[in-house]
Amino acid sequence: MNMFVGLLALLLGFHWVRSQYQKQHMALLGGHLGRFQVEKHMQTLHEGYLRALREDSEVRRQQIWELFAATEHALAAQFRQVADGLAKEAEANTRISKLPLCVPYLERFLPAATRDFRELMQIHAAGFDTVVRNTAQLNPQERAYQLSAELLLMQHSCHWFCKSRNLANARLMARHKVTHEKVLESVSPQTRQKYRAWLQG
C-alpha cells in the first residue's frame with residue numbers, strides 16, 4: 001500500500017513538473033507570436049487556397065491566387081520577426097527534446113537528446129521566404145501546396161516545443177489528416193534538407 005501511495009505521489013509530482021515546464025514553453029512562444037498576426041494570416045491563406053481550388057474558371061482561380069499575395073508576404077515578414085525575436089532568447093530556455101514524450105528539463109541532464117528551437121524557427125522563416133518569393137518558379141497551385149506544407153510543418157514544430165513530439169504528430173493527423181513525414185516530403189527541398197540536418201544535429 002505504501003509503495004502504491006509513493007508511486008502515485010511520484011506520478012502526480014512528475015505531471016505537475018511537466019505541466020509547469022510546458023506552460024513556460026507556451027508562454028515564451030506565445031509572447032513572440034502574440035505580437036503579430038501569423039495565425040490569422042495562416043487561416044486566411046488556408047481558406048483562400050481552398051476557395052481557389054474549388055473554382056472551375058482558370059481566370060478566376062488566378063485572380064484569387066493574386067488576391068492573397070499580400071497576405072503571403074505579410075506572413076513571411078512577420079514570421080521572420082518572430083524567429084529573430086526568439087533568436088535573442090537564452091539557449092537554456094529554447095531547447096526541444098528529440099524524444100517522443102515530454103521529459104521536463106531534459107536539456108539539463110541529457111543535452112545531446114535535445115535541439116535548439118531557435119534554429120528550427122530560422123529554418124521555417126527561410127522556408128516561408130523561399131516559397132513566397134517563388135525561387136523555384138512553381139505554378140500558383142504548386143506554390144500554394146508547398147507553402148501550405150511549410151505552414152503545417154511550422155505549426156507542428158510549435159506544438160512539439162510546447163507539448164511533445166508525439167502530441168504534435170497526433171494533432172497534425174487529427175486536424176489535417178496528414179502525417180509529419182508527408183508534410184516534410186511536401187515542403188521545399190531547402191527546408192527539408194535543413195530540417196533533417198537540424199534533427200540529426
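A residue counts as buried when its relative accessible area is under 20%. The views below come from a predicted model.

**View 1. The aromatic pair Tyr21 and Tyr105.** Tyr21 has a relative accessible area of 7%, so Tyr21 is buried. The structure holds 6 aromatic pairs. In the pair of Tyr21 and Tyr105, the ring centres are 4.8 Å apart and the planes stand at 65°, so the pair is edge-to-face. Tyr105 is partly exposed, with a relative accessible area of 21%.

**View 2. The aromatic pair Tyr49 and Trp65.** The ring centres of Tyr49 and Trp65 are 5.8 Å apart and the planes are at 55°, so this pair is tilted. Tyr49 belongs to helix α2 (residues 38–54) and Trp65 to helix α3 (residues 58–67), so the pair ties together parts 16 residues apart in sequence. Both Tyr49 and Trp65 are buried.

**View 3. An aromatic cluster.** Trp160, Tyr195 and Trp198 together form one cluster of aromatic residues.

**View 4. Leu172 and its contacts.** Leu172 sits in helix α8 (residues 165–176). With a relative accessible area of 4%, Leu172 is buried. Apart from neighbours within four places in sequence, Leu172 is in contact with Leu152, His156, Lys177, Val178, Thr179, His180 and Val183. One of these, Leu152, is 20 residues from Leu172 in sequence, and their C-alpha atoms are 7.7 Å apart in space.

Methods
Residues are numbered from 1 along each chain as its sequence is written. This is a predicted model: local features need pLDDT of at least 70, side-chain atom pairs count only at pLDDT 80 or more; totals for chains, interfaces and linings use all residues. Side-chain values use heavy atoms; hydrogens and water are left out. Helices (H or I, at least four residues) and strands (E, at least two) are DSSP runs, numbered from the N terminus. Buried means under 20% relative accessible area, exposed over 50%, partly exposed in between (1.4 Å probe, protein chains only). Contact means heavy atoms within 4.5 Å. Rings of Phe, Tyr and Trp (its six-membered ring) pair if their centres lie within 6.5 Å; planes under 30 degrees apart count as stacked, over 60 as edge-to-face and the rest as tilted.
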